[in-house]
Amino acid sequence: MAARSFLILCCFFSHSALTWATLPYCGSDSYKYTPLQRGDNGNEYTLKQVHVIIRHGDRTRAEAAPCWANDTAVWDCLLTSASLPVIKHDIHDITVDRIYRDVYIPGRNVMKGDCGLGHLTSKGYKQEEDNGKNLRKAYVDTGFLSPNYSNHEIFFRTDDMSRTRQSAQALAIGMFPPSAPLSGKSQVVDINVMDKEFDDIEPNANLCPKLNQYRKEFFASESWKQHYNEITEPLMAEVEKALGLTYKLTPVGLIHITDCLLVHICHGFPIPPSVSSDLVERVASEVEYMWYATFEYPTIQDHAKVGIGFLISEIWMAMQEAMEESKARKFYLYSGHDSTVMPFMKAFNASDGKWSPYASMIQLELLETTSSKNTDYAVRLLYHGQERVIPYCRVSPCPLAQFSEYMQAITPQHPDTDCKVTNARLMNKARSPHFRAARVFA
């Protein structure tokens, strides 16, 4: 089960705002890439392909429901989007005569100021630009990738949300700073997206209905009911009292309140003085518990197979292509969410059990291994640049034979049967009132 400890919070601003600099969730600049070393058995490793999975950078709050009464936060969004229509997909340099910019009209948005819900902030943009710079040092400066962006080498993918697209753009700027335009033309960088119904950048019940079955089974389980009665319900009552809420919190509402608290803290905005650092820690820890407990139901592998395993399967197919085809792309970026990074690390049983910070980053490196006897492959997993051992493999890098075996356990082998609902009675039941969305403030 997920670790109960979450984070150490300290230092109040006027007794009402915690400093974002001390909060791991807000992101940090502590990335340090672990270089490849020669194996203990004398194997030489050569980088063949890289897959990078990120959470978007710092953002505004995600949901429209108010945080609490008399919230004084005013958002000033220096970051916006500019674009121009491009008709043909096969054109990768264009003359720019005019660009169009999105401007959020002040006073016409859910939050005070000129920001949209869930939008990347300038701080978040800088976090992802730094990620790009770190990746440039690891993969461009070492000669693995060409110094300039090439769509033949690079594949960028996001879901169809502004914060993930802008995060990918910022990372691309840091990784491949634009060169002087040729003949007055600007380079076109493809960012690949798809309809939400088919998107697997995070677990998607539209792709695999059994994901919802596992979630419902967990929240109908005796272990959850006991936890809810002993911990969740009393904690929600404490939050209601501390914030003076005029409605009854649900677990879904608690997630929203936690997001509100952390977003305010990350930006130095005041939170109600009745909310202590201990209470913030406990509500964040409870949200962690709810997420990670579902990632483990009924087992880590079974849950991955109907959820994040769809994305892992795509990555595995790209790796197989690289082992068979010399012209395969060398670098893939997947710009997603906390709901991408956390289940991904959990699927490999390599998670720290914590809420993934803004701009958190996973790297999966496909390595060609050469020994005196033969040539083979291995896979290395890194989180925030630090090498992680996949427990199934017991060593890092993970030998290809073991990695391939584990792929069978966490990716959908037969989606039609793997995703078939087998508990129709539970699925037809009305949703538990514990998980109805919190009502908006009157």
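Among contacts in the protein between residues at least 6 apart in sequence, 76% join residues at least 24 apart. The model in which these contacts are found is a predicted one. Its secondary structure comprises twelve helices and 14 strands. The protein has 442 residues, of which 50% count as buried. The accessible surface amounts to about 21,400 Å², and carbon and sulfur atoms account for 51% of that surface.

Six of its six residues are buried, so S10 is largely enclosed by the rest of the structure. In a regular strand, side chains alternate between the two faces of the sheet. On one side of S10 lie Phe-331, Leu-333 and Ser-335, on the other Tyr-332, Tyr-334 and Gly-336, and all of these are buried.

The pairing of S10 may be considered next. Strand S3, residues 44-55, pairs with S10 in the parallel sense over six bridges. Within this pairing, Val-50 stands opposite Phe-331 of S10.

Strand S7 itself is mostly covered, with five of its five residues buried. Ile-154, Phe-156 and Thr-158 point one way from the strand, whereas Phe-155 and Arg-157 point the other way; all of them are buried. In S9, Asn-192 is the bridge partner of Arg-157.

The helices provide a second kind of packing to examine. Two packed helices are described by the angle between their axes and the distance between those axes. For helix H4 (residues 222-243) and helix H6 (residues 277-295), the axes come within 11 Å and cross at roughly 145°. The crossing of H4 and H6 is left-handed. Helix H4 contributes Trp-224, His-227, Ile-231, Thr-232, Leu-235, Glu-238, Val-239 and Ala-242 to the contact, and helix H6 contributes Leu-279, Arg-282, Val-283, Glu-286, Tyr-289 and Met-290. Sorted by class, the residues in the contact of H4 with H6 are nine nonpolar, two polar and three charged.

How values were computed:
Residues are numbered from 1 along each chain as its sequence is written. This is a predicted model: local features need pLDDT of at least 70, side-chain atom pairs count only at pLDDT 80 or more; totals for chains, interfaces and linings use all residues. Side-chain values use heavy atoms; hydrogens and water are left out. Axes are lines fitted to C-alpha atoms, for helices over the stretch in contact, and angles run from 0 to 180 degrees between N-to-C directions. Helices (H or I, at least four residues) and strands (E, at least two) are DSSP runs, numbered from the N terminus. A crossing is left-handed if the near helix is turned anticlockwise from the far one by less than a right angle, and right-handed if clockwise. Contact means heavy atoms within 4.5 Å. Ala, Val, Leu, Ile, Met, Phe, Trp, Tyr, Cys and Pro count as nonpolar, Asp, Glu, Lys and Arg as charged, and the others, Gly among them, as polar. Buried means under 20% relative accessible area, exposed over 50%, partly exposed in between (1.4 Å probe, protein chains only). Accessible areas come from the Shrake-Rupley method with a 1.4 Å probe; for residues, only the protein chains shown count as cover. Two strands pair if DSSP finds at least two bridges between them.
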